[in-house]
Amino acid sequence: IVAYKIPLGEIETIEKSGSWLSAPSLSLKRVLVATNKRKSLISPRQRDEFIEDLRAAVENAKLASSHD
């Protein structure tokens, strides 16, 4: 298993994916998370809730960094 930490402020796009390429998983309900350096496929248990929560967290991180 390979694990990467993706800083919230570096996330550029979050979208649903059904790709079977890469990322070993029994589910095809995946999330594609892209930064300027890489694209990662994630298989969360609750995909829609994960996307909603991640988008909110990314927005908050970007707002916080713009106030520094």
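This is a predicted model: local features need pLDDT of at least 70, side-chain atom pairs count only at pLDDT 80 or more; totals for chains, interfaces and linings use all residues.
Local features need pLDDT of at least 70 and side-chain atom pairs count only at pLDDT 80 or more, while totals for chains, interfaces and linings use all residues. Residues are numbered from 1 along each chain as its sequence is written, and side-chain values use heavy atoms, with hydrogens and water left out.

Let us start with charge. One salt bridge (a side-chain nitrogen of Lys or Arg within 4 Å of a carboxyl oxygen of Asp or Glu) is found in a search of the whole structure. It joins the side chains of Asp48 and Lys16, at 3.0 Å from N to O. Asp48 lies in helix H1 (residues 47-66) and Lys16 in strand S1 (residues 13-17), so the pair links distant parts of the chain, 32 residues apart; helices (H or I, at least four residues) and strands (E, at least two) are DSSP runs, numbered from the N terminus. Asp48 counts as partly exposed because its relative accessibility is 47%, where buried means under 20% relative accessible area, exposed over 50% and partly exposed in between (1.4 Å probe, protein chains only).

Leaving aside residues up to four places away in sequence, Ile51 is in contact (heavy atoms within 4.5 Å) with Ile14, Lys16 and Val31.

Arg47, also in helix H1, is buried yet has no salt bridge. The nearest side chain of opposite charge (Lys and Arg count as positive, Asp and Glu as negative; His and the chain ends are not counted) is Asp48, 4.4 Å away. Beyond residues up to four places away in sequence, Arg47 touches Lys16, Ser17, Leu28, Lys29, Arg30 and Val31.
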